Amino acid sequence: MQTLEENFKNNGGKFETFKVGDIFDIHPTKNYGLTNYKLFQTKGKTPVVVNSSSQNGIGGYVNLKPTEKANTITFSDTTTAESIFLQSEDFIGYSHVQGLYPKKNISNWNEKTLLYFVAIFKKSALQHNFDYANKFNRKLASKIDVVLPVKNNNQLDFSYMEQYVHELEIEHINKLDAYLLASGLNNYNLTCQEKNALRERERERERERERERESSNYAIFNFSNIFHKAQTGNFDIQRHHVNGKGEIYINSGQENQGIVGKTDIEAKIFPAKTITVDMFGYVWYRDFAYKMATHAHVFSLSSKEQYSENVLLYLVSAMSYLKKKYNYNEMCNWTKMKNEKLYLPISACDQLNIALMENYIQAIKKLVIADLIEWKDLQINTYKKLLITTNY
């Protein structure tokens, strides 16, 4: 990174401030004008970008033709600047979802250069503290300042932006390589035990569908059989306490797995390798220490036995039905939760089949990692080709 910037400046490059509206035309994305019920009635492969700050703004996938092209920057004018995303696929627009369309140099705005711009745009926009009251509309968005690289002829330096994103990707890919090696996931070939675990789990899912719970390979456990009494926070942490320091702060809700940010406000700290359940039934495994909101009813569960991360992830999967059962009208709490049922594999001696749970999750990880490693190798090969053709 440092060498890239030094070469850029030595060649006469510099950074200049632009208004977003000088570079992009901002207008509403095209949509079908349907109600959510009709829009999401059919399931398909076309993403619908909605007014959301999570999941890249995607609210679901439908069986309709796209209304917008890939490599379009979108944001919602009803939420915050966290809703700024680059859409990598053709998609369907939505009411109040705005799109950014280059005014010139259209062919130079590719995935890499747009990602560079998105990072700068979002960072600048977040400093304006847009929210539901101070809405992030397209008029305000067009006036936001962004600092971008320019060549010595005062034209945007798209080569620098593209190379910067490439180098950033490689930096993170190297970290990924180190993690895969340390975790043993660089070898994603399934062992016999992991294959058997996948087959056994699929057989059990079929039995679940057929309501054949009497299977001798599985048994019913109450939450209270597996977990200690749920713990809660001891201080009502608010959003203004989030300052980027201290421990991660957990709230209720599905967005970003309930993670709001970091806070160093004095409050009870819960240990890593525990599970959180909120009032809506959303369940997440936490591999880090954290603090929790009290006003939003979030609970921390620690297992009575010392289980591995894989076994705890298996338990989280077995608990996933809670989100279908609890909501605003019927909130989850320990009194209700402790008697909820868990269908878990058992061994011949009627003990939890820890090996099966461990192997099943490890197999799932390897299946995911296989795709990730293929992507990583493709990116490295692309980067090597770029090094040959670029001046940086």
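Residues are numbered from 1 along each chain as its sequence is written, and side-chain values use heavy atoms, with hydrogens and water left out. Because the model is predicted, local features need pLDDT of at least 70 and side-chain atom pairs count only at pLDDT 80 or more, whereas totals for chains, interfaces and linings use all residues.

Aromatic rings were examined first. Rings of Phe, Tyr and Trp (for Trp, its six-membered ring) are taken to pair if their centres lie within 6.5 Å; planes under 30 degrees apart count as stacked, over 60 as edge-to-face and the rest as tilted. By this rule there are 20 aromatic pairs. In one of them, the ring centres of F15 and Y160 are 5.9 Å apart and the planes stand at 80 degrees, so this pair is edge-to-face. The two residues belong to distant parts of the chain, 145 residues apart: F15 is in strand β1 (residues 14-19) and Y160 is in helix α6 (residues 158-183). Helices (H or I, at least four residues) and strands (E, at least two) are DSSP runs, numbered from the N terminus. Burial is expressed by relative accessible area, where buried means under 20%, exposed over 50% and partly exposed in between (1.4 Å probe, protein chains only). F15, at 29%, therefore counts as partly exposed, while Y160, at 1%, counts as buried.

Charged side chains were considered next. A salt bridge is a side-chain nitrogen of Lys or Arg within 4 Å of a carboxyl oxygen of Asp or Glu, and the whole structure contains nine. Among them is the bridge between E16 and K14, with an N to O distance of 3.4 Å. E16 is partly exposed at 30% relative accessibility, and K14 is partly exposed at 35%. Another bridge joins E68 to K30 at 3.5 Å, N to O. E68 lies in the loop between β4 (58-62) and β5 (72-76) and K30 in the loop between β2 (24-28) and α3 (36-39), so this bridge ties together parts that are 38 residues apart in sequence. E68 has a relative accessibility of 5% and is buried. A further bridge links K336 with E330, whose closest N and O atoms are 3.0 Å apart; K336 is partly exposed at 30%, as is E330 at 37%.

K122, located in helix α4 (residues 111-126), is buried yet has no salt bridge. The nearest side chain of opposite charge (Lys and Arg count as positive, Asp and Glu as negative; His and the chain ends are not counted) is E82, 4.4 Å away. A polar atom of the K122 side chain lies 2.9 Å from the backbone oxygen of I84. Apart from neighbours within four places in sequence, K122 is in contact (heavy atoms within 4.5 Å) with A81, E82, I84 and F85.

The structure holds zero disulfides, a disulfide being a pair of cysteine sulfur atoms within 2.5 Å. C332 is buried at 2% relative accessibility, whereas C349 is exposed at 54%.

Finally, S224 is placed in helix α8 (residues 223-226) and is partly exposed, with a relative accessible area of 24%. Not counting residues up to four places away in sequence, S224 touches K304, W334 and K338.

Note on methods. Polar contact = N/O pair within 3.5 Å; in protein donor to acceptor, adjacent residues only side chain to side chain.
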